[in-house]
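Here's a quick tour of one model, from helix packing to surface and charges. Have a look at it first.

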Amino acid sequence: MPNFIRLIIAAIILGASVTLMVFGYWGWGIPLVFVSILVAVTFFYHEKMLIAQYFLRKDNMDKAGEWLKGISNYETQLFRGQHGYYNLLIGLIESRKAPLQSEKYFKRAISLGMTMDHNIALAKLSLAGIAMAKRNKREATIYLQEAKKADKNKLLAEQIKMMKDQMGQLDRTVQQRNFRQPF
């Protein structure tokens, strides 16, 4: 259902609830106000995205992917502020299957923008992990620094520290390989 239809439905329900309250049916009018608010909220937070986030938290990637596949064209079905979050969720699901292929979704999520800093930090931390997998230490370091700046509430501080430790181990393995090469 397109977003503008959701707003029209919410306005109709709100109008009906006000009409019911004017004619003295307060018992029906007040619950309809809450229903209209619920319908209006789905304009900003798509229900399929909310259900997919729920399944991601429960670590059920298959069901989360099914719910996200239900959004056929995210550019028309979602509020513009949700485009980045949609790509972030797709990237998180893809990172379990094919980590190197999820890079495009994380980059698109950052370019489309997200309002919460910890989500930006999560995307940049994931990009740092992908850069480390590609053995690109410089890019991984840049993404880690950006993730640390974006993580203002220190929600990902432990993961950032762990990633830095892994980068240190990456340096040691590269040095050991170079040391053991025959002349």
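## Two helices side by side

Helices α3 and α4 are roughly antiparallel to each other (that is, an angle over 145 degrees), because α3 (residues 47-57) and α4 (residues 61-69) pack at about 170°, with their axes 8 Å apart. Helices here are DSSP runs (H or I, at least four residues), numbered from the N terminus. Axes are lines fitted to C-alpha atoms over the stretch in contact, with angles from 0 to 180 degrees between N-to-C directions.

On the α3 side, the contact (heavy atoms within 4.5 Å) includes Ile-51, Ala-52 and Phe-55, and on the α4 side Ala-64, Trp-67 and Leu-68 are among the partners.

This is a predicted model, where local features need pLDDT of at least 70, side-chain atom pairs need 80 or more, and totals for chains, interfaces and linings use all residues. Residues are numbered from 1 along each chain as its sequence is written, and side-chain values use heavy atoms, leaving out hydrogens and water.

## A salt bridge across the chain

Glu-47 and Arg-6 join their side chains in a salt bridge at 2.8 Å, N to O (the rule: a Lys or Arg side-chain nitrogen within 4 Å of an Asp or Glu carboxyl oxygen). That ties α3 to helix α1 (residues 3-22), with the two residues 41 apart. The count by this rule is 7 salt bridges.

Terms used:
Angles under 35 degrees count as roughly parallel, over 145 as roughly antiparallel, 65 to 115 as roughly perpendicular and the rest as oblique.
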